[in-house]
Amino acid sequence: MNVNKKHGLFQELFMPTYAPFEKVFVRGKGTVLYDIEGRSYLDFCSGIAVNNLGHCHPEVVRAIREQTGKLMHISNLYIHNVELELAELVAGMTFPGRLFLCQSGAEANETAIKLARKYARAALKQDRYKFVTAMGSFHGRTLGTIAATGQEKYKVDFEPLPEGFVHVPYDDLDAVSEAIDDKTCAVMVEPVQGEGGVVIPKDGYLKGLSRLCADRGVLLILDEVQTGFGRTGTLFAFQREGIKPDIITMAKAFGGGLPLGGVMARPEVAAAFSPGNHATTFGGNPVTCSAALAVLRVMERENLPERAVTMGARLISGLGGMKNDYPELIRDVRGRGLMIGVELIGNGKKAQDLCNSKGLLITCIQEKVLRFTPPLTVSAEEVDSSLEIIREVFQEMTGK
Ligand SMILES: *Cc1c(COP(=O)(O)O)cnc(C)c1O
């Protein structure tokens, strides 16, 4: 069956929620993906900031293989060893607290939302239920998380949504301060906005939020689903400003490609939940936990957050040079670590499609921002090859 036929079959078989690239992929290794025709691609999408160790990292593959031969699923009615080891490691890498494991970013955020309300009512004995979140944010696709998300396009035709979400401009401490009232239980933001267009707040924003939340008696929830696991140059983005959030949510890169989400909360906050309040059948499955253990060990041993800094600087510097050469096409180049956005003046989708067809997989968000989220294991040569492809694309688009 040829590629066009497979693409047609995809459209016939699946709900039309996605509009995928026309190629069909069969294999991946490190930064490189191979399609059924044997062509290779530099994967700077990384499954949307998931494959932080690249495709099929041998240690992750080995961990999964070994665990599937031992124990695959027992539910949360029973305890297994792998989750205990993982929770200890996550606490060591974040802050002392208690963990909840689930499958996705949206589910992690749903959990954080329920926990913050439960904490206000059960622990503080206050009827606080409102959340202050940011315009341009993205927190997932469930009803609760699209209510939290500060972008209208995700909500159209899905109302009514859960109540209690107030949206304020991102990177604006005064706006948060004004929005908090005696019904607010938490402030929830991304340390760097991802789907919103790789939006980086000013230094001190997170520190300011942390102080503000403490002063006003509300929780600070950081959605680290995209920024987590080394992506922005520290293991978690909150660590850059040395703050202590009350709750962080994680997913994407956590399971090394297997679906794993998590919520880490300060012990007093976590204690608001009691058995029966919240659950998920597959949460903390031994196989996903074994993959995560391998991810975290490799990340620490190879100091991958540091690599995100050096490779990110190399990519940003190359892209910055192109901004000088093509000012009519590029409005802005920004990034932190290996979470990088190039804001175009013109057609972002066209630039994305040209890059993809030339063998560099990147994504276009907000119609005008090209997002680069390569594996943290990306080599200097691969960064340089990607820059050559992008330059070709910009040359083609401008005719220069
Ligand atoms: C991707 C993402 C989510 C949603 O994660 P899913 O696993 O797709 O549910 C939530 N928050 C942020 C910041 C994300 O980037």
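The second largest pocket holds about 850 Å³ of space. A pocket here is an open set of points on a 1 Å grid over the protein atoms alone, with protein on both sides within 12 Å along at least five of seven lines, and lining residues have an atom within 4 Å of a point. A volume is the space filled by probe spheres set on the points, which are joined across faces, edges and corners. The model is predicted: local features need pLDDT of at least 70 and side-chain atom pairs count only at pLDDT 80 or more, while totals for chains, interfaces and linings use all residues. Residues are numbered from 1 along each chain as its sequence is written, and side-chain values use heavy atoms, without hydrogens or water.

**Second largest pocket**
- Of its 27 lining residues, N76, L99, F100, L101 and H278 are the closest to the centre.
- Helix 4 (81–93), strand 4 (98–102) and strand 10 (261–265) are the elements that give two or more residues to the lining; helices (H or I, at least four residues) and strands (E, at least two) are DSSP runs numbered from the N terminus.
- Strand 4 gives the most, with 4 residues.
- The lining divides into 16 nonpolar, 9 polar and 2 charged residues, where Ala, Val, Leu, Ile, Met, Phe, Trp, Tyr, Cys and Pro count as nonpolar, Asp, Glu, Lys and Arg as charged, and the others, Gly among them, as polar.

**Cavities**
- There are 2 cavities of 30 Å³ or more, a cavity being a set of points where a 1.4 Å probe fits but cannot get out.
- The largest cavity has about 70 Å³ of space, and its lining has 5 nonpolar, no polar and 5 charged residues.
- Residues lining the largest cavity include K202, D203, R240, E241 and R336.
- The second largest cavity has about 50 Å³ of space, and its lining has 3 nonpolar, 8 polar and 1 charged residues.
- H73, N76, E83 and G284 are among the residues that line the second largest cavity.

**Helix 13**
- The 19 residues of helix 13 (residues 380–398) should span 27 Å at 1.5 Å a residue, and the end C-alpha atoms are 27 Å apart, which agrees; the expected span is 1.5 Å times one less than the number of residues.
- Its buried residues (under 20% relative accessible area, 1.4 Å probe, protein chains only) include E382, S386, I389, V393 and M397.

**Strands 11 and 12**
- Strand 11 (residues 330–336) pairs with strand 12 (residues 339–344) in the antiparallel sense over 6 bridges; pairing requires at least two DSSP bridges.
- D332 stands opposite E343 in strand 12.
- The two strands form a hairpin with 2 residues between them, and G337 in the turn has a positive phi of about 60 degrees.

Technical notes: Buried means under 20% relative accessible area, exposed over 50%, partly exposed in between (1.4 Å probe, protein chains only).
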